[in-house]
Amino acid sequence: MHKPLEILNLSKNYGAFKAVDDVSFALEEGEIFGLLGPNGAGKTTLISCVVTLENMTSGKVKVFGDSILDKPKETKSKIGYVPQEVVNHGYFTVEEILKFYSGFFGILRNQEKIDYLLNRLSLDVHRNKKVKQLSGGMKRRLMIAKALVHDPKILLLDEPTAGVDIELRNSLWDFVVELKKSGTTVLLTTHYLEEAEELCDRIGVIHNGSLRKVGRTSDLIQDLTLRKLEMQLSGKNKEFNSKYLVSQCEESIELEFPSNLEIGEVVKDLDLDWSTVKDIHLKEGSLEEAFLRILNENNANNSTNNSVERDC
Amino acid sequence: MKTQNIYFNPFLMLLWKEIRRYCKVLVQTVVTPGINSSLYLIIFGVSLGGSIDVGLEVPYLAFLISGLIMMSCLNNSFANTSSSIISGKFSGDLEDLKVVPLSKQQIIWAMCLGGITRGLVVASVALTVGQIFYYSQYGEFMEIKSPFSLAFFLLGGALAYAKLGMFVAFLAKTFDQMSAVSAFVLQPLAFLGGVFFSLNNLSPFWQKISLFNPVFYLINGVRHSILGVSDVPPLSAAVVTVLSLVIFHVLVLVTLSRSEFKRW
């Protein structure tokens, strides 16, 4: 069984500059894969190589087992691509644009799907408007409608929510989840890490053109972040001593520990009088922390030190 | 029933889009060239024409009409493909052509066929306007000696110029570069290509220079088809037409392979 999208040793050079450097990963069928990285990391260049907007310097891209260079028509017809920048379409209306795009993917009569997408993306009343007459959010939704007119098996979303308000962002992500449920495989890039954490089954982190880490979102968070345990205490307390302790104030202590440890093991060194514990708050690590740790691998070890550094 | 054909339908849709694009602005793309042709006919054909002898035993008005038909056809075929690509580079929708299942050959032929249709529509307008002027001067319509030959030269010239338009537009990095090619290369070639004068009106030096102008052959091919007389034999005109087609096709294919479809 072929993977929906396989990227094999893909590199893209601009002269001596390596925009994408020997990147390999594959998408599993029906998953949402988040490609994360800071600005200029190579996310857009990578996606541009997949859709042949950029010619890759070396490597291979396969769609359901077929190379995009050997079978361009067959592979491109399975991909829906939403570019980062909004495209204008001059004289044409929203509905005309979707008809053209359906035809470009080989479907000449596609009114039912076009009507569905216009309704689903709240563009129905704007179907006779030109792109320049639409608001920023409407333009984004049109870009997504364009990419979906031919029911692609793979959807590539390059920062689809850049500059979009929270309400619309949420509705677009809901739609992406709906697409996933219907079997579409999604590759997306975004700078909203909280949303990526909630949405993506797996994450790839790219930095300076190379892929630093790929894994299940929950595994990355578990492996690369620390859980935080905060306890509110009553009365005057002794000075606690534990390798997991990161701060102690008069009436509270905070501990940080790896996800694979049980809480009992973490607190046993404290020699705590449990009758003084007023409240306990457990905070899980976030994708943002894991992401920052991957980007700053050298500094990562510092986060496990047990020095008391937090202000009370 | 929804059917998907990724091999031929994308080509059909791009052709349809190219035609729809110029139909959206018919005043700019068809009416304006028609008015321009009328002005040339009034100024040169009707007003000055009586005092010009081109030495080909045909009235100057008939000589001018045949030249104007081809000039309109070439200019508009060129304008359609080039403006489609340039506006696509500006707005970003040229990228769409690269990410959909269209081959390079399909892109070339669909865009060029779109350009040809506009060239032929405007040529028909020029012919109609010309016939009206001819009828008003001579009381009869101008006879077309060889309709098949006319179709060959109009189609061949339009296709060659549509390809040239694609080639120049894909190469252009700015609007300025595009208009520089039009102003410094194409317009001089067209105006010096025998639309308004015959070789007989030129000194031997300029006669020799004119023979190096490919547009001169394309225009004389049409002139011979309509009037039965021209400055160069129709066979030479046909050879130049075919050569132009081959050369421009290779150029545009190479350019398309190397150019970026990315927006400016």
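## Ground rules

In this predicted model, local features need pLDDT of at least 70 and side-chain atom pairs count only at pLDDT 80 or more, while totals for chains, interfaces and linings use all residues; side-chain values use heavy atoms, with hydrogens and water left out. Residues are numbered from 1 along each chain as its sequence is written, and chains are lettered from A and ligands numbered from 1 in the order in which they are written.

## Chain A at a glance

Chain A has eleven helices and 14 strands. Here helices (H or I, at least four residues) and strands (E, at least two) are DSSP runs, numbered from the N terminus. The C-alpha trace of chain A spans about 75 × 45 × 35 Å along its principal axes.

Chain A holds 312 residues, and 54% of them count as buried. Buried means under 20% relative accessible area, exposed over 50%, and partly exposed in between (1.4 Å probe, protein chains only).

## A six-stranded sheet

Chain A has an open sheet of six strands, in the order S6-S7-S8-S3-S9-S10. Its pairing is mixed. Strands S6 (79-82) and S10 (210-216) of chain A stand at the edges, each with a single partner strand, so one side of each has no neighbour in the sheet. From one strand to the next, the twist averages 15°. Axes for such angles are lines fitted to C-alpha atoms (for helices over the stretch in contact), and angles run from 0 to 180 degrees between N-to-C directions.

Two strands pair if DSSP finds at least two bridges between them. S6(A) and S7(A) run parallel and share four bridges. A:Ile79 has A:Ile154 as its bridge partner in S7(A). On to the next pair. S7 (residues 154-158) and S8 (residues 185-189) of chain A are also joined, by five bridges, and run parallel. A:Leu155 faces A:Val186 of S8(A) as its opposite residue, and A:Leu156 stands opposite A:Leu187.

Why is S7(A) largely enclosed by the rest of the structure? Five of its five residues are buried. Both faces are covered. A:Ile154, A:Leu156 and A:Asp158 lie on one side, with A:Leu155 and A:Leu157 on the other. In a regular strand, side chains alternate between the two faces of the sheet.

## A hairpin

Strands S1 (residues 5-14) and S2 (residues 17-27) of chain A pair in the antiparallel sense over seven bridges. Within this pair, A:Lys12 stands opposite A:Val20 in S2(A). Two residues lie between the strands of the hairpin, and A:Gly15 takes a positive phi near 65°.

## Cysteines without partners

How many disulfides are there over all chains? The search finds zero. A disulfide is a pair of cysteine sulfur atoms within 2.5 Å. The sulfur of B:Cys73 has its closest cysteine sulfur in B:Cys112, 13 Å away, too far for a bond. B:Cys73 is buried, at a relative accessible area of 0%. B:Cys112 is buried too, also at 0%.

## Enclosed cavities

On a 1 Å grid over the protein atoms alone, a cavity is a set of points where a 1.4 Å probe fits but cannot get out; a pocket is an open set with protein on both sides within 12 Å along at least five of seven lines, and lining residues have an atom within 4 Å of a point. Grid points are joined across faces, edges and corners, and a volume is the space filled by probe spheres set on the points.

The whole structure has two cavities of 30 Å³ or more.

The largest pocket has a volume of about 1100 Å³. It is lined by 47 residues, and the closest to its centre are B:Gln28, B:Ala79, B:Ser82, B:Ser83 and B:Arg118. H3(B) gives the most, with 15 residues.

The second largest pocket has about 410 Å³. Its lining has 21 residues, with A:Thr52, A:Pro72, A:Lys76, B:Lys98 and B:Lys104 nearest its centre. H2(A) gives the most to this lining, with three residues.
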